[in-house]
Amino acid sequence: MGPCPDEFLTLTESDVKATLGNDITRIVFNGFRQSLFDENLYEAAGDDEVTLDPTTTTIVQFGSLSFFKIGEIQVLGATSLYEASPVQRAVVPLWKQGSKVFELIAPNCSAVYTMQTVWVGGRNGEWGTRNITDLETTLDLDLPQGWTYQSRVLTEDRIVPLINGTAYVLTDSARNAYSKLVDFDPSICPGYVAPTNAPITVSPTTVAPVIISLEESSSSSSPTTSSTRTGKKQQRGKDKKKNSYFGTKKRKL
């Protein structure tokens, strides 16, 4: 809650167990992260309405520090990089029109993920991405085959809504976290080709009776901004948006 204080560096496992219980078998300190979305939208449990009031979330105390409980992950086993996991959470990220977003696109445009937090560094002094501009210029990701990383400027607001209180989140090879889009226009994917209405060719013998009928009544007739980093065999695409629905409210994404 607020700027990260020095006490975070000295927070111990005992401080965590004092709040959550001694039966915890493993504690991992996430390190320092910076949010990339413009606003937090909070969804109260069992309420379809979205409220900007952060008091709808739970406050957890570890030692002398207060934290928002923004999500809960059920860990069933080791989670691989670039593999989305379900997260129960109350926070809904909002990116405003004109904001720059950083996206991962799964092979064949099967899914699109928007970077929600950038990993700045760990408590042990290890540094990650210290400047947001590095996400576009020097970020070196070990992308799986067929995946694409790109940045672009939004032409409309974007919200990643919750489905029954759940979002799907993955981590890249630089420890940055992404939210999976519920709905997206495939034209944002590199290499996307819009379908065309090709003319239909019909055999003259098939339409002969129809042509005769038409000739009797008529003598003539007439027929009716972005930066992309790709894996293998990827190309550039264009940017469009489509509408999305969040709870009982309609928002353009």
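**Salt bridges and one buried arginine**

Hi everyone, let me start with Glu-39, which counts as partly exposed because its relative accessibility is 26%. Please keep in mind that this is a predicted model.

So what does Glu-39 meet in a salt bridge? The partner is Lys-96, and the N to O distance between the two side chains is 2.9 Å. Glu-39 sits in strand 2, residues 39-43, while Lys-96 is in the loop between strand 8 (91-95) and strand 9 (100-105), so this pair ties together parts that are 57 residues apart in sequence. Lys-96, at 36% relative accessibility, is partly exposed.

That pair is one of four salt bridges in the structure.

Let's move on to Lys-100. Which residue forms a salt bridge with Lys-100? Here the partner is Glu-136, with 2.8 Å between the closest N and O atoms. Glu-136 belongs to helix 2, residues 134-137, and Lys-100 to strand 9, so the bridge ties together parts 36 residues apart in sequence. As for accessibility, Glu-136 is partly exposed at 30%, and Lys-100 is partly exposed too, with a relative accessible area of 36%.

Now stay with strand 9 and look at Glu-103. The side chain of Glu-103 meets that of Arg-152 in a salt bridge, 2.7 Å from N to O. This pair again links distant parts of the chain: Arg-152 lies in strand 11, residues 148-153, and Glu-103 in strand 9, 49 residues apart. Are these two residues buried or exposed? Arg-152 and Glu-103 are both buried.

Finally, a stop at another arginine, Arg-89. You can find Arg-89 in strand 7, which covers residues 85-89. Why does Arg-89 count as buried? Its relative accessibility is 13%, and the cut-off for buried is under 20%. What does the side chain of Arg-89 contact? A polar contact of 3.0 Å joins the side chain of Arg-89 to that of Ser-179.

Definitions and conventions. Residues are numbered from 1 along each chain as its sequence is written. This is a predicted model: local features need pLDDT of at least 70, side-chain atom pairs count only at pLDDT 80 or more; totals for chains, interfaces and linings use all residues. Side-chain values use heavy atoms; hydrogens and water are left out. Helices (H or I, at least four residues) and strands (E, at least two) are DSSP runs, numbered from the N terminus. Buried means under 20% relative accessible area, exposed over 50%, partly exposed in between (1.4 Å probe, protein chains only). A polar contact is a pair of N or O atoms within 3.5 Å; within protein, one must be able to donate a hydrogen and the other to accept it, and residues adjacent in sequence count only if both atoms are side-chain atoms.
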